[in-house]
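Please look over the sequence and the model, then read the notes below.

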Amino acid sequence: MALFIAIFKNAHKFLLTFITVGFSTVLFAQQGRTVADFDKGWRFHLGDVSNAEKLATADKSWRVLNLPHDWSIEGQFSKDNPATPEGGALPGGIGWYRKTFTVPASSKGKKLYIDFDGVYQHSDVWINGHHLGFRPNGYISFRYELTPYLNFGGTNVIAVKVNNSEQPNSRWYSGSGIYRNVWLVTTNKIAIDHWGTYITTPQVSNESADVAVQVKINNAGIANAALTTRVYIYNADGKLVSGGGTIPSAARQGDTVSILKTTLKVNNPHLWSVDNPYLYKVVSKVFDGNKVVDTYTNTLGIRYFNFDADKGFSLNGKPMKILGVCDHHDLGSLGAAINTRALERQLQILKAMGCNGIRTSHNPPAPELLDLCDRMGFIVMDEAFDMWKMQKTKYDYHLYWDQWHRRDLQDQLLRDRNHPSVFVWSIGNEIGEQYSKTDTSGRNIARELAGIVRSMDNRPITSANNDPSKNNNLIASGALDLIGYNYHEFDYAKFHERFPGKKFIATETTSGLETRGYYEMPSDSIRIWPPQWDKPLIREGNNVSAYDNTRPPWGSTHEATWKVMKKYDHLSGMFIWTGFDYLGEPTPYSWPSRSSYFGVIDLAGFPKDVYYMYQSEWTDKPVLHIFPHWNWEPGKMVDIWAYYNNADEVELYLNGKSVGIKKKTGDDLHIMWRLKFEPGTLKAVSRKNGKVVLTKEIKTAGAPAKIELTADRSNIKADGKDLSFITVKVLDKDGNLVPDAANRIKLTVLGGTLISVDNGNPVSHDSFRANNVKAFHGLGLAVVKGRETAGSIRVTATAAGLKPVVVTLNAK
């Protein structure tokens with residue numbers, strides 16, 4: 001057995017220490033409850049297998065792996081895969097997972113559960129041949145009790161069948177498999193229920209906050225229990241700031257459920273905000289007499305907010321705009337398999353851009369995303385469904401709507417409602433039931449869904465409407481607290497003429513299109529690609545210029561929407577489509593493209609140029625960004641754009657000679673020079689009141705000469721899950737990035753594992769699981785995972801004709 005220091009997992013899983021037992025890592029919570037990381041040591045088979053749920057030796061030849069796992073990302077890109085290019089052009093199918101494990105005899109008399117954070121999709125689960133249940137929704141978290149079917153002190157086999165063979169079932173890349181974490185939970189017979197606490201802050205000011213806590217307790221067969229409950233609130237330093245009083249429990253007899261309510265006061269609360277996301281901890285303890293039988297811990301963020309019809313959004317009494325992005329759940333080259341560090345990296349990149357909001361388009365996210373948003377300060381729109389009863393693809397969730405939508409929405413609310421980062425619930429995205437004038441069933445469904453939400457929580461409700469008219473059935477239902485607009489930025493200013501007294505949120509905006517590092521001239525005309533929204537563009541190369549001048553028929557450029565959004569107070573905020581490129585939906589093209597062009601950041605995590613427009617508008621940090629590169633044919637006319645802030649003007653120099661001073665006028669968000677190319681150096685200088693603020697240079701690059709490796713983190717945890725993202729650059733002999741470099745770079749890793757590569761190219765069909773990466777506009781990415789033992793990790797990059805390079809990481 002090995003003893004370690006542990007960390008937080010989820011709000012209800014405050015962990016102190018853990019030891020290795022059997023086939024899982026058992027995490028000792030406070031008294032009465034254990035949570036085991038159940039990700040290790042599974043066996044996997046791609047393809048259907050008869051009797052795999054029963055035969056003890058069924059998995060003898062299967063592949064051994066650790067979860068989370070996405071088998072689709074390991075496949076080959078093909079336009080013939082049933083998911084189609086819109087679904088990422090990767091294979092689906094049926095997959096089986098099995099795990100053999102032991103439960104100590106000492107656990108007899110306790111309750112054991114298995115928690116799945118998400119399985120895509122149509123999962124069936126068996127324990128020792130007994131069928132536990134079926135869940136069709138690939139995004140929802142769920143639990144099964146194992147207790148009645150376990151061999152205590154002996155061997156147990158859990159089997160999971162995942163069926164993602166009926167395709168298309170998604171409008172983007174879904175991934176396949178047990179792609180989120182799995183947990184083995186052990187409690188006493190008297191315990192707080194799964195997702196069994198509910199915490200709100202009904203009264204908050206700078207002087208004090210009321211914290212209302214509701215606790216659901218299950219008593220599974222203990223008669224005459226003398227139950228009491230105590231609730232404590234600790235600040236970020238671990239100091240008790242409120243609580244400790246005894247609350248009698250009604251569930252004194254066996255097989256009963258008790259819901260307890262209490263309100264605690266926190267004096268001079270430290271308020272949670274996007275700039276200072278301060279977190280408290282709420283600990284609920286259940287006693288049988290003087291013995292603690294269960295302990296359950298939640299994260300608490302104390303804050304108050306308001307959406308006003310005229311003034312927009314305010315947080316803790318201060319007006320602000322929600323500056324958000326929409327993102328799908330895939331993690332680029334990692335596919336759908338969740339990884340906390342990969343999510344954290346995405347949020348760090350967005351935070352540096354000035355982003356303060358995330359919309360979980362278009363389904364419940366991994367719980368780790370909300371944990372990170374709590375800790376890092378993001379306002380979350382937590383979305384439930386991409387469709388209701390009307391289908392969008394042949395095999396999507398509409399087939400299961402009648403049977404499952406209530407249960408799935410309730411489970412999402414129970415799981416997510418204690419997160420301080422969650423500000424808005426969205427009950428649907430671009431729902432088909434919006435439109436019909438004769439079938440108004442969408443009104444009843446909207447009212448039903450909103451009723452479920454309001455019965456369980458009091459945060460505002462919206463839906464993302466791409467038909468934001470009075471005739472929209474969802475809006476006409478009266479069920480929504482916020483009227484959500486998808487696009488239609490030309491209607492924002494007249495919102496109150498259409499919806500007097502209503503509150504506005506831009507649930508989805510923009511859909512600007514760019515290929516990172518690719519430029520076409522001239523740049524000062526708007527391109528609508530594809531010309532018709534339902535017909536992909538056919539064009540050699542499948543590139544889109546990285547100037548912000550290309551949009552689809554339904555969308556806008558980034559600048560166009562932001563100019564409107566910043567102008568009016570009643571516009572509470574926006575969620576850009578999208579923060580990151582994602583697999584699937586390769587607008588404006590189809591095959592051979594296999595991923596999107598919508599992101600402000602490409603699939604590998606490299607910012608596109610428009611990232612710096614937002615940074616110049618959304619942050620106070622000094623920004624001066626000029627583009628494009630300076631490698632062109634002699635005499636070609638090239639448009640030079642600059643995004644800047646904190647300055648009055650920018651002067652541009654070519655080979656030491658000024659080519660003019662430019663200033664933003666009116667509502668300009670960038671400035672531009674049109675120059676005839678000559679090799680050398682472009683230098684931009686921003687000034688305020690005549691004083692230099694920033695200086696930036698771009699030089700004509702020579703031939704590729706060497707490779708540069710830059711790790712985002714040189715020190716990672718030796719836990720077998722932490723990652724280092726290494727940027728691979730192709731440079732000339734003077735250290736300049738070569739903008740057209742497409743060298744094939746081989747990567748060798750000692751002491752760790754190269755788990756994926758990428759370059760941000762939406763047209764690349766290279767495997768993400770290769771040991772090499774082809775540079776795209778001079779850049780590539782290597783993702784390296786450490787082992788569970790401490791030590792150094794050596795990453796070497798080599799390419800024909802280039803000087804090799806080594807970077808060393810440390811796993812601790």
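The model is predicted. The protein has 812 residues, and its secondary structure comes to 8 helices and 49 strands. Its radius of gyration is 27 Å, close to the 28 Å from the globule rule for 812 residues, so the protein is as compact as a globular protein of that length.

**Overall form**

- The C-alpha trace spans about 90 × 65 × 55 Å along the principal axes of the protein.
- Of the 812 residues in the protein, 61% are buried.
- Taking contacts between residues at least 6 apart in sequence, 69% join residues that are at least 24 apart.

**The second largest pocket**

- The second largest pocket holds about 1,200 Å³ of space.
- Its lining is made up of 43 residues, and those nearest the centre of the pocket are Y612, H625, K729, L737 and L779.
- Helices α1 (340-353) and α8 (610-618) each give at least two residues to the lining of this pocket.
- Strands β34 (624-627), β40 (691-699), β43 (723-731) and β47 (779-786) likewise supply at least two lining residues each.
- The largest share of the lining belongs to β40, with 5 residues.
- Sorted by class, the lining of the second largest pocket contains 21 nonpolar, 12 polar and 10 charged residues.

**Cysteines**

- A search of the whole structure gives 0 disulfides.
- For C355, the closest cysteine sulfur is that of C373, at 8.9 Å, which is too far for a bond because a disulfide needs the two sulfur atoms within 2.5 Å.
- From the side of C373, the nearest cysteine sulfur is that of C355, and C373 is in no disulfide.
- C355 has a relative accessible area of 2%, so this residue counts as buried, the cut-off being under 20%.
- C373 is buried too, because its relative accessibility is 0%.

**A loop residue: S106**

- S106 sits in the loop that runs between β7 (93-102) and β8 (111-116).
- The relative accessibility of S106 is 61%, and this residue is therefore classed as exposed, for which the cut-off is over 50%.
- In sequence, S106 and F152 are 46 residues apart, while in space their C-alpha atoms are 7.9 Å apart.

Methods: Residues numbered from 1 in each chain as written. Predicted model: local features only at pLDDT ≥ 70, side-chain atom pairs only at ≥ 80, totals over all residues. Heavy atoms only, no water. Buried < 20%, exposed > 50% of the residue type's maximum accessible area, 1.4 Å probe, protein only. 1 Å grid on protein atoms, 1.4 Å probe; cavity = no way out; pocket = protein on both sides within 12 Å on 5 of 7 lines; lining within 4 Å. Points joined across faces, edges and corners; volume = space filled by probe spheres on them. Helix = DSSP H or I, 4+ residues; strand = E, 2+ residues; numbered from the N terminus. Nonpolar A, V, L, I, M, F, W, Y, C, P; charged D, E, K, R; others polar. Rg over C-alpha atoms; globule rule 2.2 N^0.38 Å. Contact = heavy atoms within 4.5 Å.
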